[in-house]
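Keep the sequence at hand.

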Amino acid sequence: MSTKTLKTNKTSLMGEIKVPGDKSISHRAVMFGSIAEGTTRIENFLPGEDCLSTISCFRKLGVEIIQNGSEVTVKGNGIDGLKPPEETLYVGNSGTTIRLMMGILSGLPFESRLEGDESIARRPMTRVTSPLSKMGARIDGRNSGEFTPLIVVGGKLSGITYQLPVASAQVKSAILLAGLQAEGDTVVLEPVKTRDHTERMIKQFGGKVEREGDAVKVAGGQGLKAADINIPGDISSAAFFLVAGAVVPGSEIVLKNVGLNPTRTGIIDVLEAMGANITIEPYDQDAAEPAGDITIKYSKLNATTIEGNLIPRLIDEIPVIALLATQAEGKTVIKDAGELKVKETNRIDTVVNELRKLGANIEATEDGMIVYGQQDLFGDTVSAHGDHRIGMMLSIAALLCKKDVVLEQSEAVAVSYPGFFDDLYSLVQE
Ligand code: S3P
């Protein structure tokens, strides 16, 4: 495990960054390419550890995948062409890989074993295994299917209508991927709209999916055809620079080609609500996944409340939003975000504990946190706790700290952003 001394006490960040490809879309592009007929070409794929886990799993299912940095070619054989794996499908730290793959494996007539790292072993799986079992898959795991290792025995599936108990794009996507292989229609009802990359990608691969209000419907027995996929930059990675630019005095940062899918842009709403100086130049509005350039400049910020339908639109950004709130005048309340407890770490606890070490005035609540700003930050030894987004958030926090900050487990950032420190420190004015 590596320890890194972070840059501290900075006066400004200046320059331009092109953040790497979107993680959610990169996973899906490999998965859809693998189950489609024909050759799929992916540009601006995210070569982070999580998405490489997805490639490794599909290779074990017999798919030929050529990866060269951010360019990937997937030679799909159609879903019936996937082969029984000879070894465990190892998903590393990636919840998206394991949950979405279960949807695919549920319809295939063989047994697979799925396992990941110690964080994956703590993450709840019944939310996925329960609907997939109702469709006809046999899935076993530790604690009656709640935890890894999981064994999936797929087979004939029947479509279902399923009300999601939690707002989760991973659960919705797993059910839709199973639904594409089932007999009859499958309908997923969402309590709150979550990211819709799966729905968009079904269409890009020539399939049909309909949305009506809270309901997303797919017909079973649909074959998919290969596609060319150009992945926009990940707004969840851009979020670290958006916050850095907003809070480090004197900064001005331009972020190129950032994904602007409205199910993901909650961080922009929060920055605007706080009074940040942010401008957006969108590209083609009709693209399968919208994108654009974002410029952020330092300004004074005010506290806000973050709740309800906004939460799924910024769920992965809450660690860095907590940091943002330490620099906003007043009391910022984050609620309705109990899902944070079952992310890569319990992100309510890790955010609160680590930011407190740096002097933040922040408290945990049952479903979120309360942050009092504006608060000067100092310095200490902090830890990413194996969680990429905690590591990156703390590295941005350090820029404001008046004393040395040492980050333990800094290697975690490679899960979603291998070049994070190079990009960040290219903006620092020495
Ligand atoms: C993701 C959905 C979200 C998000 C995760 C990626 C996806 O998880 O936190 O980082 O790609 O579908 P949930 O669906 O569990 O909310």
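The model is predicted: local features need pLDDT of at least 70, side-chain atom pairs count only at pLDDT 80 or more, and totals for chains, interfaces and linings use all residues. Residues are numbered from 1 along each chain as its sequence is written, and side-chain values use heavy atoms, without hydrogens or water.

Back to the cavity. On a 1 Å grid over the protein atoms alone, a cavity is a set of points where a 1.4 Å probe fits but cannot get out, and lining residues have an atom within 4 Å of a point. A volume is the space filled by probe spheres set on the points, with grid points joined across faces, edges and corners. The whole structure holds one cavity of 30 Å³ or more. The largest cavity has a volume of about 30 Å³. Its lining includes D22, H197, R264 and E289.

Now the open space. A pocket is an open set with protein on both sides within 12 Å along at least five of seven lines. The largest pocket holds about 560 Å³. Of its 34 lining residues, A167, S168, R195, I315 and K343 are the closest to the centre. Helix α1 gives the largest share of this lining, four residues. Helices here are DSSP runs (H or I, at least four residues), numbered from the N terminus. By class, the pocket lining has eight nonpolar, eleven polar and 15 charged residues.

Next, a helix pair. The axes of α10 (residues 318–326) and α11 (residues 347–357) come within 10 Å and cross at roughly 35°. Axes are lines fitted to C-alpha atoms over the stretch in contact, and angles run from 0 to 180 degrees between N-to-C directions. P319, A322 and L323 in α10 meet R347, V351 and L355 in α11; contact means heavy atoms within 4.5 Å. These contact residues divide into five nonpolar, no polar and one charged.

Finally, D423 in helix α13 (residues 420–426). D423 is partly exposed because its relative accessible area is 23%, between the limits for buried (under 20%) and exposed (over 50%), with a 1.4 Å probe and protein chains only. Beyond its neighbours within four places in sequence, D423 contacts I17, K18, F241 and Y417. The C-alpha atoms of D423 and E16 are separated by 9.2 Å, yet these residues lie 407 residues apart along the chain.

How values were computed
Helices (H or I, at least four residues) and strands (E, at least two) are DSSP runs, numbered from the N terminus. Ala, Val, Leu, Ile, Met, Phe, Trp, Tyr, Cys and Pro count as nonpolar, Asp, Glu, Lys and Arg as charged, and the others, Gly among them, as polar.
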